[in-house]
Amino acid sequence: MSVTSARAQAIAQILWELKKAGKLATLTSIANRAGFAPGVNGRTVSTSLKTVRRDWPHLQWWRAVADNGRIDEEQESCLAEAGFGSETVDDGGVAIKSFAAQLMIWEEPSEVGD
C-alpha cells in the first residue's frame with residue numbers, strides 16, 4: 001500500500017468517527033490522530049482528502065476543516081446542509097460559526113497510524 005493510500009485510509013477512519021460524533025476536526029488534529037505531519041497549511045491532509053473523496057465518496061470529507069475554521073463555497077454548502085452555521089469574517093472570507101464548539105476532542109491517541 002502506498003503512503004498516500006495508507007494516509008487516506010487512516011483519514012477515512014477518522015472521518016467516520018467524526019460523522020458518528022457529529023463533529024468537525026482541523027487538518028492538523030486529523031493528521032496528528034492519524035500519526036503523520038499535516039504538511040504546510042495542511043497540504044498533506046488535503047492531498048489525502050482528494051483520495052478519500054475519490055475512493056470513498058460516501059464519507060463526509062467536509063468535516064475536515066482548515067485550522068483557522070475557514071471554508072470555501074463547496075464546503076460551506078455541505079456544512080450548511082448538515083446543520084453547521086457559517087459567518088463572514090473581517091476580510092470577507094467565510095468561517096464556521098462557533099468553530100471551537102464544533103470540533104472533535106479526542107481523549108487519547110488513536111492506534112490508526114500505527
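**Notebook: helices, core and sheet**

I began with the contacts of Ile 30 and set aside its neighbours within four places in sequence; Ile 30 is then in contact with Ile 11, Ile 14, Leu 18, Ala 25, Val 45 and Ala 64. I note here that the model is a predicted one.

I next looked up the largest nonpolar core. It has 29 residues, and those that touch the most other members are Ile 11, Leu 15, Ile 30, Val 45 and Leu 49. At least two residues of this core come from each of α1 (3-21), α2, α3 and β2 (64-65). The largest share is that of α1, with seven residues. I recorded the general background beside this entry: nonpolar side chains in soluble globular proteins tend to be buried together.

I then turned to α2 and asked which of its residues are buried. They are Leu 27, Ile 30, Ala 31, Arg 33 and Ala 34. Viewed down the axis of α2, these buried residues fall within an arc of 165°, so they line one face of the helix. I noted that Arg 33 is listed among the buried residues of α2, and that Ile 30, buried in α2, is also a member of the core.

I followed the chain past α2 to Gly 35. Gly 35 lies in the loop between α2 (27-34) and α3 (43-55), and just after α2 it takes a positive phi of about 90°. Is Gly 35 buried or exposed? Its relative accessibility is 59%, and Gly 35 therefore counts as exposed, the cut-off being over 50%. I also checked Gly 35 against Arg 7: the two are 28 residues apart along the chain, and their C-alpha atoms are separated by 8.7 Å.

I listed the buried residues of α3 as Val 45, Ser 48, Leu 49, Thr 51 and Val 52. They cover an arc of only 160° around the axis, which puts them on the same side of α3. On the other side of α3 I found Arg 43, Lys 50 and Arg 54 exposed.

My last entry concerns the sheet. Three strands form an open sheet in the order β3-β5-β4, with antiparallel pairing. I identified β3 (70-71) and β4 (86-88) as the edge strands, since each pairs on one side only. How many bridges join β4 to β5? Three bridges join β4 to strand β5 (residues 94-96), and the two run antiparallel. Within the sheet, Glu 87 stands opposite Ala 95 in β5.

Key:
Residues are numbered from 1 along each chain as its sequence is written. This is a predicted model: local features need pLDDT of at least 70, side-chain atom pairs count only at pLDDT 80 or more; totals for chains, interfaces and linings use all residues. Side-chain values use heavy atoms; hydrogens and water are left out. Helices (H or I, at least four residues) and strands (E, at least two) are DSSP runs, numbered from the N terminus. Buried means under 20% relative accessible area, exposed over 50%, partly exposed in between (1.4 Å probe, protein chains only). The arc is that of the directions from the helix axis to the C-beta atoms. A nonpolar core is a set of buried Ala, Val, Leu, Ile, Met, Phe, Trp, Tyr and Cys residues joined through side-chain atoms within 4.5 Å. Contact means heavy atoms within 4.5 Å.
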